[in-house]
Amino acid sequence: MEKMELLAPVGSSEALQAAVQNGADAVYFGGEIFNARQYADNFSIDDIRQRVRYAHLYGVKVYMTVNTLVSNEEMPELIEYIYRLYNSDVDALIVQDLGVAYLIKSFFPAMVVHASTQMTIHNSLGVHFLKSMGISRVVLAREVSFENIESIGEKTTLELETFVHGALCVSYSGQCLMSSMIGGRSGNRGRCAQPCRLTYTLVDEKGIEIKSEGQHLLSPRDLKMIDHIPLLDKAKITSLKVEGRMKRPEYVATVIRNYRKAIDEYYENPDDYKVGEVTHKELAQVFNRDFTTGYFIEKPGTHLMSYQRPNNRGIKLGRVVDFDFRTKRVTIRLEEALAVGDGFVIWVTKGGRIAGEIKDLRRGNIPTEREEKGEVNFQIQEGSPSIGDRVFKTMDIELMEKARKTFINSNSQDVKKIPLNFLIEIKEGQPIILKACDNKEHCDQVVGQFIVEKARKHAATEEDIRRQLERLGNTVFKLNELKIIMDENVMVPLSELNNLRRDIVEKIEEMILQEFKKPVITKETYHCCVELLYKDLPLPRKVREKSKLSIRIGDMLSLKGALEEGADIIYFGGNKLRRKKGFVLDDFKRVVQECHLKGAKAVLIIPRIFYEGEIEKVKKYCLEGQDVGVDGFLTENPGALQLAEELDLRGVLCDYTLNIFNDMAVQLLLKRGVKGLTLSPELTLKQIRKFICLGNTSVECLVHGQVPLMLSEHCIIGNLLGKGHQEKGCPRPCLEKAYGLKDRLSMVFPIESDENCRTLLFNTKTLNMLDHLLELRQAGIGSYRIEARKEEAYWVKKVVAVYRQEIDRIEKRSNCKYVPLQESTEVLKSLSPGGFTTGHYYRGVE
């Protein structure tokens, strides 16, 4: 039975050693550019070569993260970077950007590509789409259940990878713009500021605060799946991924060691798999925000979230039984062992948290180094805890030292070495022959330069031979068996033995490393790739079409207002919001008829998220749209694109949720038959101008509305006010009124639940590009999009009227300086009391 791969996170050199030494089958880490953890201690190209060599000598694969969105101006640097990674013998690249994946498979076909979880692949259709691109492995969205993974696995031969331990995003990865829009630090560019870990208050539409059990309403617990290794195996998952590139190496060592042990024990005895208490305690101690099994087994409701604390809570030590205000000494009754050097935090009744390190531990007045039970006391620097306050151990010095032994000192007995068997032949009148074999049958021999002579003074002994040959301290090897065939009374120079040892080690190392080599790409081939980069991109048209006005709406009343005021394209359908009537199959024909009466196009939105059990329903939905004559279909994920291809749907368009960030992505989509696309809202106007393809295909951008910042499988409203999700009998408080999340600056982010109890969180400010429509037109944008899925019909009618009027003014006087009418500006202001933003069109993202 082939074991599942254990994949470890690496954010530093020490973390790499920790992962390899504690049993990882593969590691993943990033370079200094183009990776989604820019705040980790990432590696230069020279560092990468050394780290790859180290990992490969231990038989550990290396996957490099190239998992950010890449702009057009960065493409030459990216190609150079990939070329260098290729020649560094990394085993695979983990990629988010569809354009980057397309580039790699076009110009570096031997490079293995893994699709990042930020591609939001959650069904077999998405997997099939990526397989057709040459992708070898898919890191599934964290929201995919065991049932769905099994179903996907039955329909594909592609490798499937999933996260099994560590931090969770509350949003679908790759579908979150929150850090980007509110702080300019994009998660899609490796700079997420983790606003989900901050405090929020639930408020209703009148601004009234609604009390909840904590304030960290977007902060999930940590994932832990070690109890469910059998289910992961049953689901035919190839690789078990641990999150934590920002974590310390002791964390990596502890988590990987425990998962390695659990996986091995499962395969040794799958019918009697159990995880011991020590394992659970160590995993909790090294870092936890409390644990969850995420969405693997069921929708977890409130058990997904860590409402009260967004960071490490450690394990409970006990409660405060006394506090001396004069000496600042806290007395607690222990439930767990405590030692000098341990970290602690006291959850005080008033005043937040008191944290520190145990420097002076006492039992009564007697100093002690470690105690396992009873009452002990220690000094704090500030704060005043109360009797009964809970105390947690956030760092266990003994556990940390146990972990450090595996990576701090390469000559430590705790460091894993590869056993090497030596056979040395020393015969008078002949050169010395040294043969070696490792534990994986890599065998070779070297022949010395020195011709063995009779000893004149000191004859070589077996002890001398052993002493020289076992000096392998700075290598990955250790001497296992040594067989010596030696004539009596011969002389052997120690320098000759040293040279032979070094030579045979190098040979065995090269044999191991050779297994990871790829076909060589020369510099000439690389330069050819650069020249061919944009050869298939069509040049812009010389004659521009008239600019279009599109709008996404949420109900039939909005349709009427949008058409009356001159919208050219109507996007309708998709995942319906609970508080909107939405569109049912019976509405499709009417929408098409009303659009066509007004000369507008009706575009049906294929749902953004749909799992295996919903595929047939979505197929029926699409075919109904095709039958009644919709003009096109808007796809929001790779699975929907694949479905559109399989059903041969007309007029396929791609939405911004596919993170279209560069010409390579456009080139890929055009080759797949796509007729138009909406660019990523994280692009600047300057970056948009650099697109070669603009004007040749229908390219759209968002210009107005409250943009969705986050899509979450977790129903915030239902879990705080109802009974979780609809499957658990939730009374659906989301239908009663509008709600929002108020941050520490009193900004309110509207939240809506959709028909599947998912949460959409919208920007607190309204995107407004009315003043800049001419600039967008001059940049090559052909269609201006209004986001109005949650808005009422009166809002839709007024906003469309304003934009129609202003677009028509620009079309009539395109070469003149453009300033919107004052009355247009005032109308928009009256509809958006929260204020306006121009998004990233001018400020960009980090």
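The points below describe a few local features of a predicted model.

1. Ground rules. Local features in this predicted model need pLDDT of at least 70 and side-chain atom pairs count only at pLDDT 80 or more, while totals for chains, interfaces and linings use all residues. Residues are numbered from 1 along each chain as its sequence is written, and side-chain values use heavy atoms, with hydrogens and water left out.

2. Helices α5 and α18. Helix α5 (residues 124-132) and helix α18 (residues 638-647) have axes that come within 7 Å and cross at roughly 80 degrees. Helices (H or I, at least four residues) and strands (E, at least two) are DSSP runs, numbered from the N terminus. Axes are lines fitted to C-alpha atoms, for helices over the stretch in contact, and angles run from 0 to 180 degrees between N-to-C directions. The two helices are therefore roughly perpendicular (65 to 115 degrees).

3. Their contact. On the α5 side, Leu125, Gly126, His128 and Phe129 take part; among their partners in α18 are Pro638, Leu641 and Glu645. Contact means heavy atoms within 4.5 Å. By class, this contact has five nonpolar, four polar and two charged residues. Ala, Val, Leu, Ile, Met, Phe, Trp, Tyr, Cys and Pro count as nonpolar, Asp, Glu, Lys and Arg as charged, and the others, Gly among them, as polar.

4. Helix α6. In α6 (residues 146-154) the buried residues are Phe146, Asn148, Ile149, Ser151, Ile152 and Gly153. Buried means under 20% relative accessible area (1.4 Å probe, protein chains only). These residues pack against α5, β7 (159-166) and α8 (229-234).

5. A six-stranded sheet. The sheet is open, with antiparallel pairing and the order β9-β8-β37-β38-β39-β36. Strands β9 (209-210) and β36 (708-712) stand at the edges with a single partner strand each, so one side of each lacks a neighbour in the sheet. Two bridges join β8 (residues 201-204) to β9; two strands pair if DSSP finds at least two bridges between them. Leu202 stands opposite Ile210 in β9.

6. Aromatic pairs. The whole structure has 14 of them; rings of Phe, Tyr and Trp (its six-membered ring) pair if their centres lie within 6.5 Å. Tyr86 and Phe108 have ring centres 6.2 Å apart and planes at 40 degrees, so this pair is tilted (neither stacked, under 30 degrees, nor edge-to-face, over 60). Tyr86 lies in helix α3 (residues 75-86) and Phe108 in the loop between α4 (98-107) and β5 (113-115), 22 residues apart. Tyr86 is buried at 2% relative accessibility, and Phe108 is buried at 0%.

Methods
Angles under 35 degrees count as roughly parallel, over 145 as roughly antiparallel, 65 to 115 as roughly perpendicular and the rest as oblique. Buried means under 20% relative accessible area, exposed over 50%, partly exposed in between (1.4 Å probe, protein chains only).
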